[in-house]
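Visitor: I am new to this structure and would enjoy a close look at a single part. Could you pick out the salt bridges and walk me through them?

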Amino acid sequence: MLSRLDITNVIPSTGMEPGGIIREARKKKGWSQKELGDRIGISQPAVKKIEDGATNQTKFLPKIAQLLGLDLAELDSSLNSQMVEEPPPPFQTTGRPDFKIYASAEGGPGEIVRSPEPVDFVPRPTHLIHVRDAYGLLITGSSMEPEYKAGEMAIVEPSMPVIPGEVYIFYAEKDGEARATIKQLRRATSDRWLVTQHNPPEGVAADFSLSKKEWTVAHRVTGKFARR
C-alpha cells in the first residue's frame, strides 16, 4: 500500500513577486514562455500575464510550481499561514482517494507490462486536482536511471501535448497485453518516435527509434514520487 509520497526539487525563497519568481525559474530552465505554456497546457499570452502579474490567481500555479521546482507557497501567499518546518504532503487529505496507481513488470529488454487495472488508489496530488486523467506508474527496470529508478512512481499526464525533450510512457498492445516503455523523446517524425534511454544495457545504443505503427500512444511523464 502506498500511503505517503514526497515530491522533490524545491528551490529556496527569493523574495521576488510570484510572476518574477516564475520568470526567473523559467529562464534558468532555458524555456520560452511558449515552451512553459506547452508543458502546462496553456497559451503563451496566458504565461505572460502570469509573469507580468496581470493574473494573480490561477488554478495552474501548482502545476507551474511542480514543473519549475518552485515552492508553491512562494507563488500563493494564501498558503503562507500553512507553512511549517516540513512542507505538507502534496496530496489531498480529505475525500475518497481517487488517484490511480498501476504496477508494472519487466516484459523484455527495455519494456514493461502495465497492470490492466490499478493496484492502488491514493489521495490525488494537489497539482493534479484538476487533471482527472493523470495516473501513477510504478517503474520497473533500469533503462532510465538515475532519473527514474525501479520502485519509484512516475506521474503521468496523458492529455499533455507531445513535445521534444520530455519523458514519455510509450504504449503498444502485444499479445493482448499493454506493453510500455519509458524513454525521453528527442523528436518525432511522421512514422517514428526518436527516443533516448539514459542507462542502456551494455552493447545497446542509447538513441534509437520506435515505430508509431506499433507504439501508438505517448503519455507524458511530468514528475515522480518516492516512498517516504
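**A walk through the salt bridges**

Guide: Happy to! Let us start with Asp-38, which forms a salt bridge with Lys-34, their closest N and O atoms being 3.1 Å apart. Keep in mind that this is a predicted model. Both residues of this pair, Asp-38 and Lys-34, belong to helix α2 (residues 33-40), where they sit four residues apart, about one turn of the helix. An α-helix has 3.6 residues a turn, so residues three or four places apart point the same way. Asp-38 has 24% relative accessibility and therefore counts as partly exposed.

Now move along to Arg-39, whose side chain meets that of Glu-166 in a salt bridge, 2.5 Å from N to O. This pair links distant parts of the chain: Arg-39 is in helix α2, while Glu-166 is in the loop between β7 (153-157) and β8 (167-174), 127 residues apart. Arg-39 and Glu-166 are both buried.

Another pair joins two strands. The side chains of Asp-207 and Arg-186 meet in a salt bridge at 3.8 Å, N to O. Asp-207 lies in strand β11 (residues 207-211) and Arg-186 in strand β9 (residues 177-188), so the pair ties together parts that are 21 residues apart in sequence. Asp-207 counts as partly exposed because its relative accessibility is 43%, and Arg-186 counts as partly exposed at 34%.

Finally, look for a group: Arg-23, Arg-26, Lys-48, Glu-51 and Asp-52 are linked in a network of salt bridges. The structure holds nine salt bridges.

Conventions:
Residues numbered from 1 in each chain as written. Predicted model: local features only at pLDDT ≥ 70, side-chain atom pairs only at ≥ 80, totals over all residues. Heavy atoms only, no water. Salt bridge = Lys/Arg side-chain N within 4 Å of Asp/Glu carboxyl O. Buried < 20%, exposed > 50% of the residue type's maximum accessible area, 1.4 Å probe, protein only.
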